[in-house]
Amino acid sequence: MRNTSAMSLAEARAHDPAAEMLAIGRAARTAARGLANAPTAAKDAALRGMAHSLRANEGALLAENALDLADTRREGANAAFLDRLTLTARRVEQMAAGIEEIAALADPIGTVIAEWDRPNGLHIERVRTPLGVVGIIYESRPNVTADAGALCLKAGNAAILRGGSDSHRSSRAIHRCLADGLSEAGLPVEAIQIVPTRDRAAVGQMLGGLDGAIDVIVPRGGKSLVGRVQAEARVPVFAHLEGVCHVYVHAGAALDMAKKIAVNAKMRRVGVCGAAETLLVDRDVADTHLAPLVEALQAAGCSVRGDELTRSAVAGVTPASEADWSTEYLDAIIAVKVVDGLDAAIGHIERYGTHHTDAIVTADRAAAARFLAEVDSAIVLHNASTQFADGGEFGMGAEIGIATGRFHARGPVGVEQLTSFKYRVKGAGQVRP
């Protein structure tokens, strides 16, 4: 048998899938070394070229996506899943515009984060550097292909993308547009690669690090995917758990604002990780707020599962089980519960939440300050919809995902979160005594 370490990517593809994955890893590692010091102008030119190619190939993207959708409908997917998979002309434009926003961001690489002088005359700088090679494993959303590839490039990283089998055609079509931008800017097309097979064995290889090629894994998908990644990964992981997000309507909430926020948080797009899954209503305003809030959700097409008080207040509410308080529906379903004040709301979120995104609606600034300080979630909001849990809405251009851990990155994972740092120490002949 030939030594696969000497194979080209084309030879590996003809040989076997496992060898191909190793070749992809080696090509990404080589590209990452080149990108680490690539000029900002070249990276930004590549990004603008990607955006142009997405717009120019809109018809081809939508045609490939239609094939993915047809297959997925035949498999009986629900409406929320189909929405996550669907590309439209508007969503293609959003992808392109998001990449242009990333191009407009300041280049983080080489930025001096901090600097100081020591008594011995040494000058020390902490400087941003790329992570290296980022592996992204995601499900259903083809737009992640564009977001992840563009963010990694801006941060000087190579990317290996493994999209879901349901979005395989769409993701590959988007990837071709990214490759166009890289080629036009004179950057290596291997800087952003997509796993060419639907075989799940490729995921296992990525989690193993591809023989040292991958520096970090970012999973973006459901509980089973994230659980597998966290259990099997042999490289660091930026992960989020389920998005069991809450809206708490405090006693100081204006009803009109509470209705607007609750309906938007749940129903704007029910399949995104920032969609509200539980509505908590303060007992002090249950008489005035509970029924109008639930009826507004029902009128918007949302099915409501509630505690005893909620069921007695509004017709058509089904009983909530213990499991409902910790369920990420990703559908037009919400659990509603009446709680005994701020402490009870914070306690409920701590017990059942996933440290993703939680909001309070209130005019009481002291209550809001306590909620923002004490709720241990990656994103906490006051008088705003949980659907703002998005890197684009944070001014990051896009995001790879929402990290709910506490190490390195938390919240939207954008350009800065895809960097590390090193120390540059400048002396004048000093030696240590």
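Which residue in strand 2 is the bridge partner of Val112? The partner is Val127, and that contact is a handy place to start touring this predicted model.

- Three strands make up an open sheet with the order 1-2-16 and antiparallel pairing.
- Its edge strands are strand 1 (112-117) and strand 16 (419-426), each of which pairs on one side only.
- On average, neighbouring strands of this sheet are turned by 20 degrees against each other, direction ignored.
- Strand 1 meets strand 2 (residues 123-130) through five bridges in the antiparallel sense.

**Strand 4 and its burial**
- Strand 4 spans residues 158-162 and is mostly covered, with five of its five residues buried.
- In a regular strand, side chains alternate between the two faces of the sheet.
- Here, Ala158, Ile160 and Arg162 point one way, while Ala159 and Leu161 point the other way, and all are buried.

**Parallel partners of strand 4**
- Strand 3 (residues 133-138) pairs with strand 4 in the parallel sense over five bridges.

**How the chain crosses over**
- From strand 4 the chain passes through helix 8 (residues 168-184) to strand 5, a right-handed β-α-β crossover.
- A right-handed β-α-β unit is also made by strand 3, helix 7 (residues 143-154) and strand 4.

Notes. Residues numbered from 1 in each chain as written. Predicted model: local features only at pLDDT ≥ 70, side-chain atom pairs only at ≥ 80, totals over all residues. Heavy atoms only, no water. Buried < 20%, exposed > 50% of the residue type's maximum accessible area, 1.4 Å probe, protein only. Helix = DSSP H or I, 4+ residues; strand = E, 2+ residues; numbered from the N terminus. Pairing = 2+ DSSP bridges. Right-handed = clockwise from strand over helix to strand, strands pointing away. Axes fitted to C-alpha atoms, helices over the stretch in contact; angles between N-to-C directions.
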